[in-house]
Structure formats: structure tokens, C-alpha cells
Amino acid sequence: MDKALLHKVYDTETFRKKGHELIDQLADHLDTKLQEKSGHAIHWNEPEDELSFWQNFLESGNQEHLFSEITKRTTYIHHPHYIGHQVTPTAPITALTGMISAMMNNGMAVYEMGMSSSAIERVVTDLLCKKIGFDTSSGGFITSGGTLANLTALLTARKVILKQDVWNQGSKQQLGIMVSEEAHYCVDRAAKIMGLGAQGIIKIPTTTNYRMDTTLLEAHYEKAKEKGIQVFVIIGSAPSTATGMFDDLQAIADFAKTKKLWFHVDGAHGGAAIFSPKYKTLLQGIEQADSVVIDGHKMMMMPALTTALLYKKSAHTNVTFSQKADYLLTESELEDWCNSGKKTFECTKTMMSIHWFTLLKLYGEDVFDAYVTHLFDMGARFGEIINQHTKFEMAVTPMSNIVCFKYVDDSLSGEAQNKLNEHIRQALLEDGEFYIVQTKLRGIHYLRVTVMNPFTTETHFKNLLEKISKLAVSV
Ligand SMILES: *Cc1c(COP(=O)(O)O)cnc(C)c1O
């Protein structure tokens, strides 16, 4: 046992020196990427090549190059040509709040293990509830990602809506959820974790515009009932992931009310539009939700993972994992806002509330409006540019910053066009100048863009389309 090694690990002067160097390195990275001083959005390597690089590095790499190699050999989210997945180019200040959390390492499960960050969490979630339009009986908490937040909300819904206490006693009753066929796959996963099986997931078909067809709700509900399925929750996507289309939350809220269902809004991506006077109309009806999910690491400039789960009734935050039925909880248990672990799936979690609070304190609420509104505007703008091109076609007119489109070659069959677009995307990936993704909608292969960087311009869009046009004749 080498005790001296532990002294070395905790040496404060090494931390100071390495820390300063790292900040300089990351600031240079930011400068290069944001300003496009380096042409590429991704440093693409085949997985096997990347694996052997790091296997070798552990053996013989120069430790002085460790941090720079990690940052170099990857995807540059801050590059304006990064228009792929819905992960945000973090506001640089939140890289620093991330560092505070990593160093302080307050585990947050109980109040004493994160006093500042627990109180801050309350301030942040109260503010979000207010922006949604909830009244003062609302409340929420912050948890590790939209996937976990959606699962947690569905567990709360089951506990609150059903007479039987499934959490404690299990159930033989077939339970069901209603959700758009375009919803994020994590909803499907949550339902299956809850033991609902595929038969418990009542998928509502979408309109030609990929929004939940709310005219079909009644019929699907009745059919489920006939089969003996007890539906307890309906989920609206705001927006759905593949196409970025918002469900009609008002219509879903009305339906939930008539059937006495829990109404959950998956606003992982677009919930942040509560801050946008221009786009919050897309969320009309959200204030009638029983629970809402909003990701900080998507449309709010924060590092992954940090997700707000907000409830119309703050008392519901404490019932999900309670060993007692909710009606048995005492008033003091219901009021226990500061002990995070009782409400969250996690036991230990990071001090993630400090990202939200720091952005609010330094830049004010307007920063979220500026970000969301600009990016949604740019989604629409990219759509217009695509429409002007005879060689490109969109899946649907965008409602957000997500745009699905394809290169069209009328001389080719549908299947050959799918292949062509698949090849285009692979060529783009290997080339690395732009980073975009892809999706399949109703059997058609689309290229998919999410505008996440406020410095991506119309010129970038035009250059991308030009590049694709060239690739289309060469791949
Ligand atoms: C991204 C996303 C999720 C999953 O959230 P994570 O934070 O990645 O776990 C869920 N629903 C929607 C609509 C999303 O866009």
C-alpha cells in the first residue's frame, strides 16, 4: 500500500496548475470551434480504431496529452456545423458550475448533503412551475435526464390515479398508457419497466403532420377498455423527437379530464419554450398537465444530465416511492421539500440545480427566451431554404428547430432514394465538416438536423445543402 500515492492524488498545487491549463485549453477549444477556425464538426474514427487508440494510450500515451486527446478525438458540439442530435452547446459558465459540483460532490439525497443546492433546486423548480402556469400548490425537483423523469412521472401517475397500490402490492390488472406512436422510445421503455407489456402501450396514430391524432383518442380508449385494460395516463409530446412536432396539448388535456386520467407532458426538448413569448403558444394546455418534464441539457444550454420534473400538485412529488399509500402520508412528510432522495429515483445525484440558478442569476430568464426563440426561428428558416431547392424535400414543415428532409432524385425508386440518403449521411459523417443525423419516417429515409447552436447561420445551411448536392452525384 502506497500512502504517498494518495498524497499525490490530493496535491492542491497540481490541481491548481492542471486546472488553469485545462481552462486555457477549453477556452481555446471554444474559440476555435465557435469561430470555425477549425473546419470540422466531428473527428470521425471507426469504433475499432478509436478503441485501439485508447487501449494503447493507457499503456504508452503521454499523460500531458490526455485532456487534449480526449477533447480532440470527438464531436464538437460548439461548432456551428454541429446540427445533429438535440444536445446543447453548453453555456461556458455551466462548465464551471459542473466543476463546482464535481469538486464539492454533495450527494443531494438528504438536505445535509447539499444544503445550498437543495434550496437552490426549490427556487429553480418553483420558478419553472410559475412559468408553466401552475399555481402555488405546484412543485418539482431535478433529476438525471428525461428518460428517468418520464419513468418517475408515470410511476407517480399510477400511484395517484389507481385505487390499488401497485407499488407496494403489485397488480394482476392489465394497466395501460396512451401515447403518440411518434413519442420518444423512453416512454415505451418506462411502460415496459412498469410491467405493462407491449399490450399496455396504446399507441395513438399520428396525422399526416406527425402529431398525435386526437380525434382517435376516444375510440382507442374504448377499445382498450373492452380488452380489460385500465388506462391511467395519457402523454403529450412537446415536441416528439424525430420530427419536432408538438402534440395538441389542449385537446389531450380535455380528453384526460373527461376520462380522469393523469396528463403528462414530455417537454424534454421543447418545454423550454415556456420562456418564449413567441413560441409558448405551441405549449397551450401545458398548464393543465399533472406533470411536465423539461431537459436542461437540450434547449437550455446546460451540461448533461439535468432534467426538471414539475408537478401541478407539489404533494405528488413525495408519493411516488413512498412505502405508504399517499393518503397515509402525514402533512410533514408531504411538506418534506428539502430531502431530495425521497422524491427521486436516484439516491445520490449531482448538484445540478446550480447550472439553472447560475444562468438565471447571471443572465436572467431572458437568456432562455433568446436561445429557444432564435433556434426555433432558425428551424423555420432552414425549412424555407430547403423549400426553395428543387432537389430537396421536407418530411413536414418544422414547428421547432428539428428539420427532417431528403435529397430527391426522381429517376430513382423509393428504395434507391432511401439508400442514396443513407449513403449521403454516411459520407457526411466520415467527411466531418458537418454533423447531421438521420431518421426513418413511414418507411422513408430522412436526413435530420437539429439547430442547437445560436451561431449557425443561413450560409451554413446553404453550404450544407450544396455539399449534399455534390455528394449525391458522387456517393
Ligand atoms: C431527449 C428526449 C427524451 C430523453 O431524455 P434524456 O434526457 O436524453 O434521457 C425524452 N423525450 C423526448 C421528447 C426527448 O426529446
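Visitor: Why is aspartate 431 called partly exposed?

Guide: Aspartate 431 has a relative accessible area of 33%. Buried means under 20%, exposed over 50%, and partly exposed in between (1.4 Å probe, protein chains only), so 33% makes aspartate 431 partly exposed.

Visitor: What is the basis of these values?

Guide: The model is predicted, so local features need pLDDT of at least 70 and side-chain atom pairs pLDDT 80 or more, while totals for chains, interfaces and linings use all residues. Residues are numbered from 1 along each chain as its sequence is written, and side-chain values use heavy atoms, without hydrogens and water.

Visitor: What makes aspartate 431 and lysine 467 a salt bridge?

Guide: The term requires a side-chain nitrogen of Lys or Arg within 4 Å of a carboxyl oxygen of Asp or Glu. Here the closest N and O atoms are 2.8 Å apart, and the pair counts. Aspartate 431 lies in helix α16 and lysine 467 in helix α17 (residues 458–474), so the pair ties together parts that are 36 residues apart in sequence. A helix is a DSSP run (H or I, at least four residues), numbered from the N terminus.

Visitor: Is lysine 467 buried or exposed?

Guide: Buried, because its relative accessibility is 19%.

Visitor: How do you know that lysine 419 and glutamate 422 form a salt bridge?

Guide: Their N to O distance is 4.0 Å. Both lie in helix α16 (residues 414–431), three residues apart, about one turn of the helix.

Visitor: How many salt bridges are there by this rule?

Guide: The count comes to 20.

Note on methods. Helices (H or I, at least four residues) and strands (E, at least two) are DSSP runs, numbered from the N terminus.
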